[in-house]
Amino acid sequence: MELKRVVITGIGTINPLGNNVKEFFTSLDNGVSGAGPITRFDVSEFKTKFACEVKNFDPLQHGLDRKEARKQDRYCQFAMVASDEAITDSKLDLEKEDKTRIGVIIGSGVGGIESMTQEIIEFADGHRIPRFSPFLIPKMIADMASGLVSIKYGFRGPNYATVSACASSSHAMCNSFDIVRLGEADIIVTGGAEAAIAIPGVGGFNSAQALSTRNDDPKTASRPFDKDRDGFVLGEGSAIVVLEEYEHAKARGAKIYAELVGSGMTADAYHITAPLPDGSGAVCAMKTALKCAGLEPKDIDYINVHGTSTHLGDIAELKAIKEVFGEDVYRLNISSTKSMTGHMLGAAGAVEALACIHAIDDGMVPPTINCQSLDPEIDPKLNLTLNKAQKREVRAAMNNTFGFGGHNSCLILKKICSASPYQGE
């Protein structure tokens with residue numbers, strides 16, 4: 001069968017760098033760090049006392065009804081805000097659309113961890129009297145963001161969540177891509193949402209020695225590729241895109257940001273947290289995505305890497321990229337936007353896909369900030385877009401996302417049409 005083309009016609013986000021797309025892109029261009037002291041609970045006894053929180057978030061200021069907001073975990077609230085922006089941006093006339101042909105697939109690594117934590121604390125403080133909220137289970141489960149968006153808009157197409165740790169939102173986009181190109185839906189609202197800056201989130205990652213403890217200077221703590229990096233910085237938020245079949249988008253005169261042309265999904269089958277040292281799982285994901293897209297390594301201009309600021313992960317990924325791209329690797333721009341947003345876990349892939357869209361649509365490659373002294377194990381000839389955004393034409397961009405458990409995903413986006421309404425400074 002002939003596969004359909006899949007394009008992006010709407011984008012939305014709320015994340016540590018901005019409460020909408022324009023704020024986010026401006027912060028990326030300016031190399032802003034979203035890190036700061038944790039404000040949501042007492043961190044005095046924690047090893048890590050900072051994170052990349054969403055700033056000044058009041059769900060009521062983002063169009064959420066007070067009664068409904070009380071029934072939603074923070075991760076769902078983020079998903080609703082980002083979805084509203086993306087759907088509005090797409091300019092879909094929902095009165096004219098067949099809503100059975102519009103689906104919602106939103107990934108989350110841990111779902112409503114904050115709601116679960118609060119209920120358990122209240123249970124213990126109440127001397128184990130079982131007075132749980134009737135909304136606990138809907139607030140906790142990882143599929144509820146997709147459910148809430150479909151309920152609000154009446155979308156009755158494919159609807160579920162993907163859960164693959166830090167690869168969750170990338171897998172959501174991979175699945176959505178397949179559904180649209182196979183003709184099983186016209187439109188999928190997809191991406192990810194996460195709100196894991198909670199007691200078990202910080203405590204658990206601290207115990208695993210995964211988080212940076214640079215408490216004296218949080219804004220420089222997320223430092224991919226730097227020899228002094230000491231772990232990742234936890235982030236939160238949501239990013240959503242509207243994926244649409246090309247002819248459907250063209251018929252309604254939609255603005256098209258980019259075309260999604262390739263996806264690759266593999267497993268390391270190696271370790272619960274560490275990547276394969278030689279990066280071979282990532283190699284396979286990238287090669288699969290390139291084959292799916294019908295592109296060669298020379299066709300890619302920018303890679304937004306997973307780049308968490310951990311020693312094992314950064315080195316393995318760059319090894320993999322060098323193997324896939326060969327000599328073409330030296331003409332690439334490579335960057336880790338986690339240096340600014342922190343690691344948004346299940347929402348990471350989607351927010352980094354937006355960074356790729358910005359690079360394609362606005363010709364601005366976001367930087368890797370905080371790298372002051374390159375790790376000696378890293379090839380110094382690589383263009384890691386250090387500390388300052390770079391202007392260049394990006395014909396196609398690759399987005400790598402990897403998750404605990406050995407989950408690897410790769411997306412490829414490609415330029416298709418006119419510039420976006422937003423132009424970076």
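In the predicted model, helix 11 provides the largest share of the lining of the largest pocket, namely 6 residues. Helix 11 spans residues 311–325 and is one of several elements that each supply at least two residues of this lining; the others are helix 8 (199–207), helix 10 (280–293) and strand 13 (396–403). The space in the largest pocket amounts to about 770 Å³. A total of 46 residues line the largest pocket, and T273, A274, T308, T310 and F404 are the closest to its centre. When the lining of the largest pocket is sorted by class, 20 residues are nonpolar, 21 are polar and 5 are charged.

Two of the helices that contribute to this lining, helix 10 and helix 11, also pack against each other, with an angle of about 40° and with their axes 9 Å apart. An angle from 65 to 115 degrees would count as roughly perpendicular, and one under 35 degrees as roughly parallel. Helix 10 and helix 11 are therefore described as oblique to each other. The crossing in which helix 10 passes helix 11 is right-handed. On the side of helix 10, the contact is formed by A282, V283, M286, K287 and L290, and on the side of helix 11 by A320, I321, E323, V324 and F325. The contact of helix 10 with helix 11 contains 8 nonpolar and 2 charged residues, and no polar ones.

The second largest pocket has a volume of about 240 Å³. Its lining consists of 16 residues, and those that lie nearest the centre of the second largest pocket are R40, E114, S115, Q118 and A198. Helix 4 (113–125) and helix 3 each supply at least two residues of the lining of the second largest pocket. Of the elements involved, helix 4 gives the most, with 5 residues. The lining of the second largest pocket is made up of 5 nonpolar, 5 polar and 6 charged residues.

Helix 3, which contributes to the lining of the second largest pocket, also takes part in a helix pair. Helix 3 (residues 74–90) packs with helix 6 (residues 144–153) at an angle of about 45°, and the axes of the two helices are 9 Å apart. Helix 3 and helix 6 are therefore oblique to each other. Helix 3 passes helix 6 in a crossing that is right-handed. Helix 3 brings Y75, C76, A79, M80, S83, D84 and I87 to the contact, while helix 6 brings M144, A145, L148, V149, K152 and Y153. By class, the residues of the contact of helix 3 with helix 6 comprise 10 nonpolar, 1 polar and 2 charged.

A further pair is formed by helix 7 (residues 168–181) and helix 13 (residues 348–362), whose axes come within 5 Å and cross at roughly 70°. Helix 7 and helix 13 are therefore roughly perpendicular to each other. In this pair, S169, S170 and M173 of helix 7 meet A348, G349, A350 and A353 of helix 13.

Methods: Residues are numbered from 1 along each chain as its sequence is written. This is a predicted model: local features need pLDDT of at least 70, side-chain atom pairs count only at pLDDT 80 or more; totals for chains, interfaces and linings use all residues. Side-chain values use heavy atoms; hydrogens and water are left out. Axes are lines fitted to C-alpha atoms, for helices over the stretch in contact, and angles run from 0 to 180 degrees between N-to-C directions. Helices (H or I, at least four residues) and strands (E, at least two) are DSSP runs, numbered from the N terminus. Angles under 35 degrees count as roughly parallel, over 145 as roughly antiparallel, 65 to 115 as roughly perpendicular and the rest as oblique. A crossing is left-handed if the near helix is turned anticlockwise from the far one by less than a right angle, and right-handed if clockwise. Contact means heavy atoms within 4.5 Å. Ala, Val, Leu, Ile, Met, Phe, Trp, Tyr, Cys and Pro count as nonpolar, Asp, Glu, Lys and Arg as charged, and the others, Gly among them, as polar. On a 1 Å grid over the protein atoms alone, a cavity is a set of points where a 1.4 Å probe fits but cannot get out, and a pocket is an open set with protein on both sides within 12 Å along at least five of seven lines; lining residues have an atom within 4 Å of a point. Grid points are joined across faces, edges and corners, and a volume is the space filled by probe spheres set on the points.
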